[in-house]
Amino acid sequence: KMTQQMRDLQLAQARKPPGPSSPNAAKRLYRNLSGKFRVNYTSFDEGSLVGRGEKEKLRKSYLFQSNAALFEAVELQDLDRVQEMLKHYSPEELDLNTPNSEGLLPLDIAIMTNNAPIARALLQAGAKESPHFVSLESRSLHLSTLVREAEQRVNELMAQVVNEAPNADCSEKEKQLKAWEWRFRLYKRMKAGFEHARVPDAPSSVHLSVASSSSLQVTFWEPLSVNSAVVTKYKVEWSCSPSFSPLLGEAMIDKLKELHFTIQGLVSGTAYHVRVSAYNMKGWGPPQASTPPFAIPSNWREYDGRAPRRRGQAEALDQLLGQVKTVHQHCICHEPCKNQPQSRKHSVSKSLKHLFHPGSKFLKTLKRGLYLTAIFYKDDNILVTHEDQIPVVEIDDTYSCLLMQDFLWLTKVSCMWDEILWLRQCVTVSQSSCSCILQTRFKMLLAISQMQGLLGIQDLGQVFFEPIKDKQGNILIVTLKEVKTNQTFESVRWVPICKLQSSRKSVSSPEEPTALDMLLISVQDKLAYHQRSSHALSPGLYLGYLKLCSAVDQIRVLVPEQLPNILCHVKIRSNPNISREEWEWLQKMASVEEPVPTETEADRSQNSFFQELQVAIKELMTLVNIPLQEAKDFRLYSQEVLDFGDQVSFLLLLPPSDDVCTAPGQNNPYTPRSGFLTLPLQIFELGEDR
């Protein structure tokens with residue numbers, strides 16, 4: 001009776017999933033399955049079908065085939081086939097959570113045959129147990145009914161085969177008999193699996209951490225026991241009482257790709273106890289209390305009520321820039337702009353003449369001077385002029401020595417590519433003083449405008465941290481930009497980088513390479529730097545190492561080549577938040593004479609955090625090639641935690657005060673291993689903001 005009810009339920013359900021992306025792929029996949037129960041399949045050509053109704057029937061037929069193929073793969077315990085189907089088809093295309101005619105789902109079959117690998121694969125794809133099994137008794141009764149009906153069908157077919165004379169019908173009955181015998185054994189195995197199963201053990205471990213001033217992060221691991229049935233969901237409970245009475249809340253976790261949960265909406269400063277239970281087809285197992293036994297939602301800023309460092313800074317800068325623009329609108333440099341309509345004919349004529357002026361073209365060769373080049377790349381292609389040259393324009397042909405301050409000024413201008421015209425007007429006002437610095441910077445702005453006009457694009461990208469200099473007196477400033485869309489440019493085209501490099505080698509002199517030769521030789525390295533400098537860290541708390549070195553005109557900072565926009569670092573943990581209690585412990589450690597606490601001290605306060613920090617310090621010292629015994633002279637920056645958004649935060653490890661910045665001529669006794677470089681501090685700050 002119950003089986004008939006489930007069949008009626010299944011037939012009453014409407015299926016509305018989208019069809020497979022490739023019907024022929026579904027056909028091949030189903031045909032390749034080696035099994036005993038295969039639905040009749042008719043070969044066809046979809047293009048020959050006429051009418052929407054027939055195509056809809058065909059689409060439903062494919063859905064049925066893929067669903068039947070998945071059931072068959074699970075019944076045959078073919079893990080490879082199950083994984084292949086889950087990889088190529090969505091849960092909707094597979095009808096993953098629609099019961100078959102026996103009222104079973106693929107996950108039901110996997111867990112009742114105790115096939116843990118297939119059950120886990122299905123769970124990670126979003127599979128669920130049948131909702132019709134509301135109790136242990138209903139599941140047991142349903143399995144008994146399936147076994148009894150299968151046994152009855154086997155007996156009927158066996159009697160027919162024995163009593164009938166050999167003929168075509170008898171051969172078909174024998175096939176049906178073998179099929180039902182196999183299904184009878186399957187149901188008996190499922191029934192035995194259910195009867196011998198027991199409730200799961202408690203999760204092997206539950207870790208509790210403070211995620212913010214109003215949330216806690218719960219991370220747990222599945223039970224160690226392999227004797228019980230597969231766990232299909234978990235329950236997280238929390239309370240202010242260690243007895244969990246009253247219970248403040250609970251959450252069911254049935255998406256098991258990642259075993260963690262964030263409890264939101266908690267009260268800051270209140271202690272919460274948390275426990276986690278596991279569930280399988282036999283019911284809920286015992287709960288596992290968290291470690292530590294409770295946690296208090298908080299953030300390190302609550303220690304002294306400190307506001308975020310960058311709160312309102314971007315808005316304030318935008319407001320300041322707007323005020324500056326407003327003031328400059330009334331400057332004398334803008335007077336010609338007011339009369340622009342009257343002199344439009346003259347200005348158009350002037351602009352046309354400017355286009356045909358030699359200075360407005362891309363350069364083929366370099367003389368002695370300062371130049372700007374823009375590298376636009378897409379995959380393995382680079383943007384070149386129609387003469388197969390990288391776009392280069394002249395800044396100043398009388399400039400033989402680039403001052404670092406001018407270069408760093410240009411890197412800041414790269415954050416305002418859209419404001420070049422306005423900046424030129426502002427610098428023009430100041431040219432009454434005729435300072436050499438202003439003249440050079442005005443020429444830089446002219447060159448940028450020229451490059452933008454010739455390419456037909458405003459954003460020239462990121463300035464490479466080091467100009468290229470050759471022995472002929474040429475200085476080349478390089479900008480880099482990756483093009484990810486089919487963007488059109490003027491006067492240029494795309495060519496493979498390797499082709500450009502090979503053609504340049506044939507015409508250049510290897511003894512005295514020019515700045516352009518040096519650029520082409522190192523272009524792959526520069527593109528790799530540009531791509532790596534835009535990578536983001538995964539969420540978490542990191543320990544960074546601050547090491548500076550100074551020169552005559554700049555200060556440089558040590559960074560890893562793989563992430564040049566971030567300090568040398570190692571990951572402490574995945575949770576970026578530092579709680580008030582952890583920060584208070586760090587403040588106490590900073591006030592004692594020994595910068596690194598002993599294990600006894602750590603046991604008394606924030607033992608887990610201390611252990612994570614200790615492991616990170618050892619790993620960081622190894623990374624930057626500093627003997628571990630020297631770490632006793634290092635110290636943690638205890639003034640603040642560096643927050644980069646809500647997902648990434650940094651603690652800084654500093655060398656002794658005399659060694660934070662290496663002066664010119666001073667030897668550094670501990671040279672980092674390969675894989676590091678030093679960037680000008682201003683370049684690093686710009687890359688960090690990007």
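Let me begin with a pair of side chains: Lys-443 and Asp-396 meet in a salt bridge, with 3.3 Å from N to O. This pair links distant parts of the chain, since Lys-443 belongs to helix H15 and Asp-396 to strand S11, 47 residues apart. Lys-443 is partly exposed, at 28% relative accessibility, whereas Asp-396 is buried, with a relative accessible area of 5%.

Before I continue, a word on confidence. The model is predicted. The protein averages a pLDDT of 80, and 78% of the residues score at least 70. Over residues 1-50, however, the pLDDT is below 50, although this stretch has 92 contacts in the model beyond near neighbours in sequence. Residues 595-605 also have a pLDDT below 50, with 12 contacts beyond near neighbours in sequence. Where pLDDT is low, the predicted coordinates should not be read in detail.

As for the overall picture, the protein has 690 residues, of which 44% are buried. Its secondary structure comes to 22 helices and 24 strands. Among contacts with a separation of 6 or more, 73% are between residues 24 or more positions apart. The accessible surface is about 36,800 Å², and carbon and sulfur atoms account for 53% of that area.

I return now to the salt bridges, of which the count comes to 17. Arg-493 forms one with Asp-388, where the closest N and O atoms are 2.3 Å apart. Arg-493 lies in strand S15 and Asp-388 in the loop between strands S10 and S11, so this pair ties together parts that are 105 residues apart in sequence. Arg-493 is partly exposed, at 32% relative accessibility, and Asp-388 is partly exposed, at 31%.

Lys-481 forms a further salt bridge with Asp-459, the closest N and O atoms being 3.2 Å apart. Here Lys-481 is in strand S14 and Asp-459 in the loop between H15 and strand S12, so the pair ties together parts that are 22 residues apart in sequence. Asp-459 is partly exposed, with a relative accessible area of 31%.

Next, the helices. Arg-441 is located in helix H15, which covers residues 436-455. Is Arg-441 buried or exposed? Arg-441 is buried, because its relative accessible area is 17% and the cut-off is under 20%. Leaving aside residues up to four places away in sequence, Arg-441 touches Gln-405, Asp-406 and Trp-409.

Helix H8 runs over residues 136-163; its 28 residues should span 40 Å at 1.5 Å a residue, and the end C-alpha atoms are 41 Å apart, which agrees. Buried residues in H8 include His-142, Leu-146, Ala-150, Val-154, Leu-157 and Val-161. An α-helix has 3.6 residues a turn, so residues three or four places apart point the same way.

Turning to strand S8, Gln-288 is found there and is partly exposed, at 27% relative accessibility. Gln-288 and Arg-275 are 13 residues apart along the chain, with their C-alpha atoms separated by 5.3 Å. Pro-292 also lies in strand S8 and counts as partly exposed at 36% relative accessibility.

Finally, the surface. Which residues make the nonpolar surface patch of about 260 Å²? They are Leu-317, Leu-320 and Val-324. Val-324 is placed in helix H10, residues 313-328, and is partly exposed, with a relative accessible area of 32%.

How values were computed:
Residues are numbered from 1 along each chain as its sequence is written. Side-chain values use heavy atoms; hydrogens and water are left out. pLDDT is the predictor's confidence in each residue, from 0 to 100. Contact means heavy atoms within 4.5 Å. Patches are made of residues with over 30% relative accessible area and no salt bridge: like charges are joined within 9 Å, nonpolar side chains (Val, Leu, Ile, Met, Phe, Trp, Tyr) within 5 Å. Accessible areas come from the Shrake-Rupley method with a 1.4 Å probe; for residues, only the protein chains shown count as cover. A salt bridge is a side-chain nitrogen of Lys or Arg within 4 Å of a carboxyl oxygen of Asp or Glu. Helices (H or I, at least four residues) and strands (E, at least two) are DSSP runs, numbered from the N terminus. Buried means under 20% relative accessible area, exposed over 50%, partly exposed in between (1.4 Å probe, protein chains only). The expected span of a helix is 1.5 Å times one less than its number of residues.
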